[in-house]
Amino acid sequence: MQDSTLKRFGVSMESSLLNKFDHMVRLKGYQNRSEAIRDLVRDALVQEAWEDKDQVVIGSILLFYNHHQRNLLAEMTDLQHSMHDLVLSTTHFHLDHDSCLELIVVKGKVKRIREFSNKLMSLKGVEYAKFTVAPVKRV
Ligand code: NI
């Protein structure tokens, strides 16, 4: 179980670095430095989880493409079937006469998820792709 008790600790840094940090805290609308530091630490931990190839993550792959592109739909479907154990859901949106948006929610080990995402994103005809990921275990 997660311990959410707040603990205090002291941080020392050069005043020029602190000034820049305070500027960022104001710009991003944080209530105080502690809140900003908590966010930075969480980001760093998520990044570290990325480095661990066996870490199980959940993520989303957003693909924007023209469905008239030759072979694209078949290749996209083949890829998803070949890695079906990673795919939790696929949602397809017909945006207009030509454009489609597909949202694929995935779960699995970082290494395979990244491989899957890279393959989808590099398919010919995919115009825009966005991959987001978060560790399954909260950090
Ligand atoms: Ni469509």
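Is His94 buried or exposed? His94 is exposed, because its relative accessible area is 66%, where exposed means over 50%, buried under 20% and partly exposed in between (1.4 Å probe, protein chains only). This is a predicted model, in which local features need pLDDT of at least 70 and side-chain atom pairs count only at pLDDT 80 or more, while totals for chains, interfaces and linings use all residues. Residues are numbered from 1 along each chain as its sequence is written, and side-chain values use heavy atoms, with hydrogens and water left out.

**The nickel ion**
- The nickel ion is coordinated by His92 (NE2), His94 (ND1) and Cys100 (SG) at 2.1 to 2.3 Å, donors being N, O and S atoms within 2.8 Å of the metal (3.2 Å for Na, K and Ca); water is not among the atoms, so sites may look incomplete.
- Along the sequence, the spacing of these donor residues is H-x1-H-x5-C.
- His92 is partly exposed, with a relative accessible area of 29%.

**Cys100**
- Cys100 belongs to strand 3 (residues 99–109), and its relative accessibility of 2% makes it buried.
- Beyond its neighbours within four places in sequence, Cys100 has contacts (heavy atoms within 4.5 Å) with residues including Leu63, Phe64, His92 and His94.

**The annotated binding site**
- The unreviewed UniProt entry annotates His81, His92, His94 and Cys100 as "binding site", although such annotations may be inferred rather than shown by experiment, and their positions are given in the numbering used here, with feature names shortened.
- His81 is exposed, with a relative accessible area of 57%, and lies in helix 3 (residues 72–82); helices (H or I, at least four residues) and strands (E, at least two) are DSSP runs numbered from the N terminus.
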